[in-house]
Amino acid sequence: MAIPRFLVVDDDAELRQMLTEFLQRNGCIALPATNETEIRRHLAAGRIDLILLDVMLGDESGVEICNRLRVEQS
């Protein structure tokens, strides 16, 4: 069984770090990201099983990012 790979996307550094560390302590690979550019870099680098995406990312909308990613993956 493959180790789950999570992408934790949040502009709040403390929350992003807390979630990333929690997932890592519980046997997952957790990668941090702060914006769409970093999301795309991680997706291009390898498998991501789940993206934990903040809805309000400063200047970006997590919902809009999700919609763009969904359209591209279909």
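**View 1. Glu-36 and Arg-40 are both part of helix H2 (residues 36-45), separated by 4 residues, or about one turn of the helix.** Helices are DSSP runs of H or I with at least four residues, and they are numbered from the N terminus. The model is predicted, with local features requiring pLDDT of at least 70 and side-chain atom pairs counted only at pLDDT 80 or more, while totals for chains, interfaces and linings use all residues. Residues are numbered from 1 along each chain as its sequence is written, and side-chain values use heavy atoms, with hydrogens and water left out. A salt bridge joins Glu-36 to Arg-40, with 2.8 Å between the closest N and O atoms; the term denotes a side-chain nitrogen of Lys or Arg within 4 Å of a carboxyl oxygen of Asp or Glu. Glu-36 counts as buried because its relative accessibility is 11%, where buried means under 20% relative accessible area, exposed over 50%, and partly exposed in between (1.4 Å probe, protein chains only). Arg-40, at 31%, counts as partly exposed.

**View 2. Arg-40 also forms a salt bridge with Glu-72, the closest N and O atoms lying 2.7 Å apart.** This pair links distant parts of the chain, since Arg-40 belongs to helix H2 and Glu-72 to helix H3 (residues 62-73), 32 residues apart. Glu-72 has a relative accessible area of 45% and is therefore partly exposed.

**View 3. Asp-49 and Arg-47 are joined through their side chains by a salt bridge of 3.0 Å, N to O.** Both residues are partly exposed, with relative accessible areas of 43% for Asp-49 and 40% for Arg-47. Elsewhere, salt bridges with shared partners unite Glu-36, Arg-40, Arg-68 and Glu-72 in one network. The whole structure contains 4 salt bridges.

**View 4. The axes of H2 and H3 come within 11 Å and cross at roughly 30 degrees.** Axes are lines fitted to C-alpha atoms, for helices over the stretch in contact, and angles run from 0 to 180 degrees between N-to-C directions. The two helices, H2 and H3, are therefore roughly parallel to each other, a term that covers angles under 35 degrees. Their crossing is right-handed, that is, the near helix is turned clockwise from the far one by less than a right angle.

**View 5. In the contact of the two helices, Glu-36, Ile-39, Arg-40 and Leu-43 of H2 meet Ile-65, Arg-68, Leu-69 and Glu-72 of H3.** Contact means heavy atoms within 4.5 Å. The residues of this contact comprise 4 nonpolar, no polar and 4 charged. Ala, Val, Leu, Ile, Met, Phe, Trp, Tyr, Cys and Pro count as nonpolar, Asp, Glu, Lys and Arg as charged, and the others, Gly among them, as polar.

Key. Angles under 35 degrees count as roughly parallel, over 145 as roughly antiparallel, 65 to 115 as roughly perpendicular and the rest as oblique.
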